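Take a walk through this protein, one stop at a time. Keep the sequence and the structure side by side as you read.

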Amino acid sequence: MSIVSDVDALFRPRAVAVVGASERSAMAARLTDFLVRDGFTGTVHPVNPRYRELHGLPCYPSVDQLPGPIDLVLVMVPAERVLDVVAQSAQAGASLAVVLSSGFAEVDDAGAALQAQLTELARSSGIRVLGPNCQGFIYRPGAVTASFSSGAGIGSAPPSETGGIAYIGQSGALGGSVLGMAADRGVGLTAWVSVGNQADLTAAESAALLLEDPEIRVLACYFEQLPRGAQWSRLTARAAELGKHVVVLRSGRSDTGRRAAASHTGALVRSGAAFDLVTERSGAVLVDDVDELIDTAIALGGPRPAGARLGVVTSSGGAGSLAADQAEPRGLGIPELGPATQDALAPLIPPFGSLVNPVDVTAQVINDAGQLGQVCEAVAEDGGVDAVLVLLTTLGGRTAEQIAESLLRASRATAKPYAVAWQYSHAEIAEPAAMLRRAGIPVLPSTSAALTLLSRLVARPAPAAEVAELSWPDVPAGELTESAGAGVLDAIGVARPRGRLAADPAEAGIIARELGGELVLKIQSPDVPHKSDAGGVHVGVSATGADHAAQRILDTVKENVPDARVSGVLVQELVPAGVELLVGVQGSRDGYPPVLTVGMGGVTTEIYGDVVAELAPVDVKGAHDMLRRLRGWPLLDGFRGSERSDVDGAAQAIAALSQLAAQLGERLVELEVNPLIVHPEGRGATAADLLLNSIPGD
């Protein structure tokens, strides 16, 4: 496969062949029509053996009969003919074949086999292949519209007004919506790439290619299949190095998309959590829907806020009140403005307005739209403000134009970002809003949408963990039960209850008499992760009754899980009560670090789903931060006068488990302690159950 490091080699062709060109098929006709309409200055060669002329251009029977060299081939023929066309294109010296045809891996096994042949052809011949089952690409600086998407037919802003935004996505239809929605906002896209099935050129590779283009400032990516971790980390690091931005929308985050069994930590962590955490840590922005993808890409054309403190300027007291209500749940603050700022605002605000934050300029802005910009400038200069949010209501027509001009002037006077929530008729504000968007100022239809956007723009990179020097144990491969993994906990300094494995009820009785006091008996089997559900746990057993309790456990588990592999019954001392936590780690996969999950534990873990996730490893400070993010944190911190838990002890155990997971890397499948019982302050934390599954090392 050829290595292409220059966007020009793929997206600035001098000659294009359209194979399967037609005037009878609307989609095929668009391929040639859009190239001509958008001013492509190179040569266009329609290819179809049925015609001698198409679209007023000479038409050729096949690629190998073209009169001159070609750089780009658009392929829209039945799937069974695609390999021949791509092979001919490679022989003709083309750099890129865009396979728009469907009928490959998205259809059936036969299609998947055909796609595998296409991938191998690309690798062996040196031509790059975009697709199959894609909708092509658009590259405005080269006036290349190599797509049949109806969205490409919508009028677009010239390249000088696009803001340097590139869209890269796997869904062609969704990509067409992006084109239309961007045009509706008065902003065109500098580049647009639909990768389809990614037989060769992937979404991440396309993004990395466009990232190097000086015309591109923002990458807006839609992923259905996530890139590998090392590749994605390199791309986001390169974006930061170049001072460019990445915004990501991905699918597959729902419960339906999860494959993890509901019995383990994986059920509590959304699919692709490692990707999300790596993305957020890199400074890239994750969004939840297509409109957010576009609006965030527009906003990233301007500066990002240094913090989460907003200065709010509104033409409506009601809108300001809504902003105050909605900011805090999104992690945003609306602090009171300093005395100097309020003094500067006093001559600009009517007596019935408000100088505090939110600043209410009232409907008087209609009389002097330019004054709104002066107010915003004064607010932006306040040292306690990181971004300015402007809330506008029923202001349209010529007043709207004056407001936009005033805000543009104000925004140029500061390095702090602006966002506008303009709640009015789209027709009344379309052009003023487009003016602002083209300058990198997002205009949203509601206060909540604007606040959500600003909250996403606040960068919150996690500090690197200070990993302690530990003596790492030799972790055997396979699914370890609690008794088999006891030595691992001992080696990393995580406390566990005293106890031993009994091979039969008689041995259980002997161990129980040695331990004395109240005891817990647990079945030990890798096939019984939920011991209580299978009748595999007895709590509060006396030393004299341990043998009978062990026999009941063995009989009950045999009845409920007849094929379970049982190594015996673990006899343990009963640990004093405390706050129960879940600590779990999903192992490193696809080049991503392990994902650590901490939550309120015990048998109710899956009901409440009170969990937070971070990349492993974390240090003790990082573990403390995770605990404070739990909704159940007050239970650890002395809720309603109760004794404070040993948070330091819990954090030390969490950090040690996470560092073990990082050490195991891709060997680790899953590690879970549930519950980690956190005792009152000064008494530590005890791992009362353990599941550890790993694979052999190299």
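Is C221 buried or exposed? C221 counts as buried, because its relative accessibility is 0%. Keep in mind that this is a predicted model.

The sulfur of C134 is 16 Å from the closest cysteine sulfur, which belongs to C221. That is too far for a bond. A disulfide is a covalent bond between the sulfur atoms of two cysteines. C221 takes part in no disulfide, and the cysteine sulfur nearest to its own is that of C134. C134 is buried as well, with a relative accessible area of 2%.

Now step back to the whole protein. It has 22 helices and 30 strands. Its C-alpha atoms fill a box of roughly 95 × 75 × 40 Å, taken along the principal axes. Of its 698 residues, 53% count as buried. Take the contacts between residues at least 6 apart in sequence: 71% of them join residues at least 24 apart.

Next, look at a helix under cover. Helix α15 spans residues 447–457. How many of its 11 residues are buried? Eight are, so the helix is mostly covered, with buried meaning under 20% relative accessible area. The buried residues are T447, A450, L451, T452, L453, L454, S455 and L457. What covers them? The cover includes two helices, α9 (290–299) and α10 (317–327). It also includes the strands β15 (310–314), β17 (387–392), β18 (418–422) and β19 (443–444).

Helices also pack in pairs. Two packed helices are described by the angle between their axes and the distance between the axes. Start with helix α6 (residues 203–211) and helix α7 (residues 229–242). Their axes lie 10 Å apart, at an angle of about 20°. That makes α6 roughly parallel to α7. The crossing of the two is left-handed. On the α6 side, the contact is made by A204, E205, A207, A208 and L211. On the α7 side, Q231, L235, R238, A239 and L242 meet them. By class, the residues of this contact are seven nonpolar, one polar and two charged.

The second pair is helix α20 (residues 620–628) and helix α22 (residues 647–664). At what angle do their axes cross? The crossing is at roughly 115°, and the axes come within 8 Å. The two helices are therefore roughly perpendicular to each other. The crossing of α20 and α22 is right-handed. From α20 come V620, A623, H624 and L627. From α22 come V647, D648, A650, A651, Q652, I654 and A655. This contact of α20 with α22 counts eight nonpolar, two polar and one charged residues.

Turn now to the backbone. Most residues other than glycine have a negative phi, and most peptide bonds are trans. Some places here depart from that pattern. The peptide bond from G131 to P132 is cis, with omega near 0°. P132 sits in the loop between β7 (128–130) and β8 (136–139). Another cis bond runs from N674 to P675, with omega near 10°. P675 is placed in strand β28 (residues 668–678).

A143 is not a glycine, yet its phi is positive, at about 55°. A143 lies in the loop between β8 and β9 (144–146). D590 is not a glycine either, and its phi is also positive, at about 55°. You will find D590 in the loop between β25 (579–586) and β26 (595–600). D590 counts as partly exposed because its relative accessibility is 43%.

The last stop is P696. Where is P696 placed? P696 lies in the segment after β30 (691–694). With a relative accessible area of 61%, P696 is exposed. Leaving aside residues up to four places away in sequence, P696 touches A477 and R667. Compare P696 with S147: they are 549 residues apart in sequence. In space, the two are 48 Å apart, C-alpha to C-alpha.

Conventions:
Residues numbered from 1 in each chain as written. Predicted model: local features only at pLDDT ≥ 70, side-chain atom pairs only at ≥ 80, totals over all residues. Heavy atoms only, no water. Disulfide = S-S within 2.5 Å. Buried < 20%, exposed > 50% of the residue type's maximum accessible area, 1.4 Å probe, protein only. Helix = DSSP H or I, 4+ residues; strand = E, 2+ residues; numbered from the N terminus. Contact = heavy atoms within 4.5 Å. Axes fitted to C-alpha atoms, helices over the stretch in contact; angles between N-to-C directions. Parallel < 35°, antiparallel > 145°, perpendicular 65-115°, else oblique. Left-handed = near helix turned anticlockwise from the far one by under 90°. Nonpolar A, V, L, I, M, F, W, Y, C, P; charged D, E, K, R; others polar.
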